[in-house]
Amino acid sequence: MAGLMENENGNISIDTEVIAQYAGHAALDCFGIVGMASLSMKDGLAKLLKGSNVSRGVNVVIDDSGLNINFHIIVAYGVNIKTVVDNLVNTVKYQVEDYTTMKVNAINVYVEGVRVID
């Protein structure tokens, strides 16, 4: 599903994959985030995603009232998880609303693992 907007020049359609990619890269810029996680249905383990695969750890749903974004993340060992998640939510909400001009209703964050950074 795509987000549809109208302006004086016509209609604008933004695909959810584009929003997921943008939100994923915005999240990776936050301190304490090691990467996005993809859950393996076969064994239930979280796999670290980086680069062009970050959108697989982000799920975007568009409804009439705006965007709902779900993140599956892996955080760095030794950081305060609540602080990292609060920073992620505030940063992504601001950047996605600025980028798309669509309202972000909810951002849900699922911490799938902790990794030691080199």
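Among contacts in the chain between residues at least 6 apart in sequence, what percentage join residues at least 24 apart? In this predicted model, the share of such contacts that join residues at least 24 apart is 64%. The chain has 118 residues, of which 37% are buried, and its secondary structure comes to 2 helices and 7 strands.

**Overall architecture and surface**

- Read from the N terminus on, the elements of the chain follow the order β-β-α-β-β-β-β-α-β.
- The accessible surface of the chain comes to about 7000 Å², and carbon and sulfur atoms account for 51% of that area.

**The aromatic pair**

- The count of aromatic pairs in the model comes to 1, and this pair is formed by tyrosine 22 and tyrosine 99, which are stacked with 3.8 Å from centre to centre and 5° between the planes.
- Because tyrosine 22 lies in helix α1 (residues 16–28) and tyrosine 99 in helix α2 (residues 81–100), the pair ties together parts that are 77 residues apart in sequence.
- Tyrosine 22 is partly exposed, with a relative accessible area of 30%, and tyrosine 99 likewise counts as partly exposed, at 44% relative accessibility.

**The nonpolar surface patch**

- Tyr77, Ile81, Val111, Val114 and Val116 make a nonpolar surface patch of about 490 Å².
- One of these patch residues, valine 114, lies in strand β7, which spans residues 104–115.
- Valine 114 has a relative accessibility of 46% and therefore counts as partly exposed, since that class lies between the buried limit of under 20% and the exposed limit of over 50%.

Methods. Residues are numbered from 1 along each chain as its sequence is written. This is a predicted model: local features need pLDDT of at least 70, side-chain atom pairs count only at pLDDT 80 or more; totals for chains, interfaces and linings use all residues. Side-chain values use heavy atoms; hydrogens and water are left out. Patches are made of residues with over 30% relative accessible area and no salt bridge: like charges are joined within 9 Å, nonpolar side chains (Val, Leu, Ile, Met, Phe, Trp, Tyr) within 5 Å. Accessible areas come from the Shrake-Rupley method with a 1.4 Å probe; for residues, only the protein chains shown count as cover. A salt bridge is a side-chain nitrogen of Lys or Arg within 4 Å of a carboxyl oxygen of Asp or Glu. Helices (H or I, at least four residues) and strands (E, at least two) are DSSP runs, numbered from the N terminus. Buried means under 20% relative accessible area, exposed over 50%, partly exposed in between (1.4 Å probe, protein chains only). Contact means heavy atoms within 4.5 Å. Rings of Phe, Tyr and Trp (its six-membered ring) pair if their centres lie within 6.5 Å; planes under 30 degrees apart count as stacked, over 60 as edge-to-face and the rest as tilted.
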